[in-house]
Amino acid sequence: MNPLLALALVLAAGLAVARLPLPHLRHRLSLDWGVAAGAPLVLAGVLLGPGLGVLDGGTLRALAPVTALGIGWIGAVFGAQLEWRLLRRIPRRVWALAALQAAAVLLLTVLTAWVLSRSIPALAAAWHPRRPALLTIAAAAMISGPGAVALVARATGVRRSRARALARAALLDTAFGALVFMLALGLYHPRQSFAVGGLALGWAHWVAVAVTASGGVGVLFLWLSRLRADTGALRVDLLGVVLLGSGIGYAADLSPFVVCALATALI
């Protein structure tokens, strides 16, 4: 199918869905849950990628900088929720419970993926190198959407205090998942030919580079915020530092999500 025709069909379908009156659904069947969980993004990826073949491998590689900016912005939105005033109010037992849950999900996911890779040769070939791939899958399983969790809690009639607790638990799950993903990147990079200054860096060095880059981006924004008296201009500065963090993550083969998330958490 012609790529322009396929893209036109997707846009026409989207406009039709937006214009058509939808029947009223009960909360348990509400489309808001799927929207909050990111179902439209997954559907768009399937249609534009393997479904209709609009975005082939070359196009995706050409759009990699734009994708890095989008991933960095998502990380910045997540990191902005990690406020110190909020985190210090979370009891230690909640932190311990979240860490125990994250460890259980990590072990179960890694073990399941390892068994599948041993049983299915195609998966073993796709998940290579093995350890970084398994950790990335586990990180994706650990991450929860705080917004989606809060929406489901409200729709099911959970009390507001309990809904806030569930949203905080999802936030902690996402934080632990991001740490595991950063570790997976650190394990992956030493296998690559890319090196800094001709020196091959180990996984601990890659983690240190990610943290240092995030700190530099965050400190830059704090420095700019002190120079400006107009708070409205800080939005432009924030967009600039997110763009810078995404660019650093893309250029240095770090994760734009991790760099921008740590930077906005520092801010």
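Why does Asp173 count as buried? That was my starting point today, working from a predicted model.

**Entry 1: Asp173**

I looked up the accessibility of Asp173 and got 7% relative accessibility, so Asp173 counts as buried. The cut-off I needed for that step is under 20% relative accessible area. Next I checked where Asp173 sits, and found it in helix H11. Then I asked what Asp173 touches, leaving aside its neighbours within four places in sequence. My list of contacts reads Ala98, Gln101, Met142, Ile143 and Ser144.

**Entry 2: the second largest pocket**

I stayed with H11 and turned to a pocket. Which helix gives the largest share of the lining of the second largest pocket? It's H11, with 7 residues. I noted that H11 covers 160-188, and that helix H7 (92-119) also supplies at least two residues of this lining. The space in this pocket comes to about 300 Å³. I counted 15 lining residues for it, and wrote down the ones closest to the centre: Val94, Ala165, Leu166, Arg168 and Ala169. Sorting the lining by type, I got 10 nonpolar residues, 1 polar and 4 charged.

**Entry 3: the largest cavity**

How many cavities of 30 Å³ or more does a search of the whole structure find? I got 2. I took the largest cavity to begin with, and its space is about 50 Å³. There are 10 residues lining the largest cavity, and nearest its centre I found Met182, Leu185, Trp206, Ala210 and Leu254. H11 turned up again here: H11 and helix H12 (203-227) are the elements that give two or more residues to this lining. By type, the lining of the largest cavity splits into 7 nonpolar and 3 polar residues, with no charged ones.

**Entry 4: the second largest cavity**

My other cavity holds about 30 Å³ of space. What lines the second largest cavity? I wrote down Val217, Val241, Val242, Cys260, Ala263, Thr264 and Ile267. H13 and H14 each put at least two residues into this lining, and H14 gives the most, with 3. Sorted by type, I have 6 nonpolar residues, 1 polar and no charged.

**Entry 5: H13 against H14**

I looked up their ranges: H13 runs over residues 234-251 and H14 over residues 256-266. Their axes come within 8 Å and cross at roughly 140°. Is the crossing of H13 and H14 left-handed or right-handed? I found it to be right-handed.

Then I went through who meets whom. From H13 I listed Val242, Gly245, Ser246, Gly249 and Tyr250, and from H14 Pro256, Val259 and Cys260. That contact is made of 5 nonpolar and 3 polar residues, with no charged ones.

**Entry 6: how covered is H14?**

How many of the 11 residues of H14 are buried? I got 8, so H14 is mostly covered, going by the cut-off of under 20% relative accessible area. My list of buried residues is Pro256, Phe257, Val258, Val259, Cys260, Ala261, Ala263 and Thr264. I checked that list against my earlier pages.

Terms used: Residues numbered from 1 in each chain as written. Predicted model: local features only at pLDDT ≥ 70, side-chain atom pairs only at ≥ 80, totals over all residues. Heavy atoms only, no water. Axes fitted to C-alpha atoms, helices over the stretch in contact; angles between N-to-C directions. Helix = DSSP H or I, 4+ residues; strand = E, 2+ residues; numbered from the N terminus. Left-handed = near helix turned anticlockwise from the far one by under 90°. Contact = heavy atoms within 4.5 Å. Nonpolar A, V, L, I, M, F, W, Y, C, P; charged D, E, K, R; others polar. 1 Å grid on protein atoms, 1.4 Å probe; cavity = no way out; pocket = protein on both sides within 12 Å on 5 of 7 lines; lining within 4 Å. Points joined across faces, edges and corners; volume = space filled by probe spheres on them. Buried < 20%, exposed > 50% of the residue type's maximum accessible area, 1.4 Å probe, protein only.
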